[in-house]
Every structure is written in C-alpha cells, then in structure tokens.
Amino acid sequence: MKRVVVITGGSSGIGETTARYLSHMGDIVYSLSRTKKDIFGIHYLECDVTSIEQVRDSFIKIIGQTGKIDVVINNAGIGIGGPVENTKMESIKQIINVNMMGVFNVCKIAIPYLKISQGKIINIGSVAGELTIPFQTFYSVTKSAIMAYSEGLALELKPFGVKVTCILPGDTKTSFTKNRENEVDINKEYSVRYYKSITKMEEDEKNGMLPIAVSKVIYRTIKKKNPGVKVVVGFSYRFLLFLKRFLPERLVLYILYKMYG
Ligand SMILES: NC(=O)c1ccc[n+]([C@@H]2O[C@H](COP(=O)([O-])OP(=O)(O)OC[C@H]3O[C@@H](n4cnc5c(N)ncnc54)[C@H](OP(=O)(O)O)[C@@H]3O)[C@@H](O)[C@H]2O)c1
C-alpha cells in the first residue's frame, strides 16, 4: 500500500522539491500552504499552519480521502532578520506563530492518526538552531525550540511506535532568502554590522546546497525503521556541529561573532 505523506509549505523551496521527489518515489503526497501551487500528482490543500482550525479541516479531508496518514513533514517556515532591540513585537509573534505554533498545531492534530499507522513526524529545524546567528536571533530561537520539541515528542511517542526526527539543513538555495523580512535599523546603531551579517547570510544561502539534497535526506529518514532524532544535512555541517561539541563555548561564540556579529 502506498504511503500517505502530508507536508507543510509544499508551495516552494525545500517543501516543493520534497513533495515532487516523494511523489516521484511513489508516495501519495498532500501539500499544505497558503499559496496554491498546481503540481502534477500532488494534492494541494489551502492551509495556514498558524490556524489549528484550518489544520484540523485539512487533516479531516485527507483522512476522508485516504483513510490514513503515515508521515507528516513540518516544513513551513519563515525567517526574520534584524537586531533584537529593534525587532517589532508583531514580527516576533509572527515567526513564533509559523515556526513553532504551526508545528505544534500540526502535531496536535496528526498524532492520533500517526499512532494508528505507527507513522513518522519529520520536523525541519536548522543548523541555525544549534549555532545561534546574531541578527537572526529569533529565527535561531524558533529552530532551537523545534529541536527540543522533537526530542521530547520522540520520547513521549516511543511506546506508540511513532518516530520523530528533526532534520537540520544548513544554507539551502531557496526563496527563503528573498522572503526573509529584514527589520530597518531605525537608530542606525547596528547598521554596519547588521547589513554585513545579513549580506553574508544571503550570500551563503544563494551559494548553498540545492533543496533536493534535503529532500533525499527526508526520504532516507522516512524509509529508515529507526531514524535518529537529530539528522544534520551535509558533511560540512555535520563536521561543524561535531566540532562545536569539543570546542570551548567562548571560542564558538567568538567565531560566530567574527562571522556574523
Ligand atoms: N533555505 C535555507 O537556507 C534553510 C536552512 C535551514 C532550514 N530551512 C527551513 O526549511 C523550511 C523550508 O524553507 P525554504 O528554504 O524552502 O523556504 P521557502 O522557499 O520560503 O518556503 C517556505 C514555505 O513555507 C510556507 N509557509 C510559510 N508560512 C506559512 C503558513 N503560515 N502556513 C503554511 N505554510 C506557510 C510557504 O508557503 P506559503 O507562503 O504559500 O504559505 C512556503 O511553501 C523552513 O522551515 C526553513 O526554516 C531553510
């Protein structure tokens, strides 16, 4: 029987590539996002993940059509850039709503179905959740939270046979870079450092890996009987996070300051 996979944020970037790849590999794929994107073979449902009602309605529709859900991929996410001091409260609430509440909403609705199918939850975190990036502090906060959430959830769901994995991509070439909302540094105190930092981050993302690299890791994770809770995408990022475990914290922070501070 074909696997039924639900992915959030399937209209662009990593989500779109993954939806296409999984469908190509034989899965039945449902893509949830606010913007409709017609992709051959992919079932689209309009859904803002910040609304638990919309998430619930989407899952009821999927269950009505397929009778089961095997895998849920929490991929929808946004970025904001700017100094903490200047970031508008509205922007902070928005990133928490999408990157954290969106995941919590989807899991809350999906878990009962995944317990029946002994399925999998895949949350898309980020290397930036393990290495906090200045001027993207709130983004790092949300991704760090998703890692902690994935660990707790994995332990809670273990006796039910539901596997939870947080996948941590590094810089990936997607529309994420142009979609990131950068705050204006009104009092200009941070301007030089902030623009240098954001410019470096944008360059790294534009030269980053292709989304298919992340999709293939997601696919391998789905296929594994016992995937790890944390999976980092790409050798260089795995090496970086490995090094972080052994270097003194002061040195790690000094390097981050030199690179992005
Ligand atoms: N690109 C990178 O360098 C990178 C690195 C590490 C991790 N990531 C993570 O990878 C994930 C995908 O990012 P991407 O790079 O593929 O970015 P992207 O191209 O900007 O795609 C983001 C997706 O999220 C969806 N989305 C945003 N807000 C939503 C909402 N409220 N409800 C439903 N869907 C929503 C968007 O669809 P709509 O706007 O149509 O709703 C879009 O499909 C994110 O979680 C991101 O944090 C990205």
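These legends describe close-up views of one predicted model. Residues are numbered from 1 along each chain as its sequence is written. In this predicted model, local features need pLDDT of at least 70 and side-chain atom pairs count only at pLDDT 80 or more, while totals for chains, interfaces and linings use all residues.

**View 1. The protein chain has nine helices and nine strands.** Helices (H or I, at least four residues) and strands (E, at least two) are DSSP runs, numbered from the N terminus. Of the 261 residues, 39% are buried, meaning that 20 or more other C-beta atoms, placed from the backbone, lie within 10 Å of a residue's own.

**View 2. The shell around the ligand holds 30 residues.** Nearest come Gly9, Gly13, Arg34, Thr35 and Gly77; a residue is near if its C-beta atom, placed from the backbone, lies within 6 Å of the molecule. Helices H1 (13–24), H3 (89–117) and H5 (176–179) each give two or more residues to this shell. H1 gives the largest share, three residues.

**View 3. Helix H4 covers residues 137–157.** Buried residues of H4 include Phe138, Tyr139, Ile146 and Leu157. The buried residues fall within an arc of 130° seen down the axis, so they line one face of H4; the arc is that of the directions from the helix axis to the C-beta atoms.

**View 4. Two sides of H4: cover and exposed face.** Strands S5 (80–81), S6 (120–124) and S7 (163–168) are among the elements covering its buried residues, as is H3. The face turned away from the buried side carries Ala148, Gly152 and Leu155, which are exposed (12 or fewer other C-beta atoms within 10 Å).

Methods:
Expected span 1.5 Å × (residues − 1). Contact = placed C-beta atoms within 7 Å.
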